[in-house]
Amino acid sequence: MDQAFVETLRPHLRYLAPEQELRSEDRLRDLGLNSMQAIDLVFDLEDNCGVTLPDDQLTDANFETAGSLWTAVESARSGSFTDAR
């Protein structure tokens, strides 16, 4: 996960302490991401990470962990869209 991704994701995770490292296996819902915040997060990722996440990639599986969302962002960057399940 790159710095832009982590810095974009962090404000949406109200239960992630400022000094706590974000790990790939961290479950986003456990860290406070809800469905309404996920919509805002998509816009922020598109703006800050230079990607467009297609609608079919906005799945529960892709938003399950930081790592699965990172995989979706990387797939969007490369143009090879896969479900992180």
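The expected span is 1.5 Å times one less than the number of residues, and helices are DSSP runs (H or I, at least four residues) numbered from the N terminus.

This is a predicted model, so local features need pLDDT of at least 70 and side-chain atom pairs pLDDT 80 or more, while totals for chains, interfaces and linings use all residues. Residues are numbered from 1 along each chain as its sequence is written, and side-chain values use heavy atoms, without hydrogens and water.

| State in α2 | Residues |
|---|---|
| Buried (under 20%) | Ala38, Leu41, Val42, Leu45, Cys49 |
| Exposed (over 50%), on the other side | Met36, Asp47 |

Seen down the axis of α2, the buried residues fall within an arc of 110°, so they line one face of the helix. Their cover includes α1 and α3 (66–78).

Ala4 sits in α1 (residues 3–9) and touches Asn48 and Cys49, leaving aside residues up to four places away in sequence; contact means heavy atoms within 4.5 Å. Ala4 counts as partly exposed because its relative accessibility is 31%.

Methods
Helices (H or I, at least four residues) and strands (E, at least two) are DSSP runs, numbered from the N terminus. Buried means under 20% relative accessible area, exposed over 50%, partly exposed in between (1.4 Å probe, protein chains only). The arc is that of the directions from the helix axis to the C-beta atoms.
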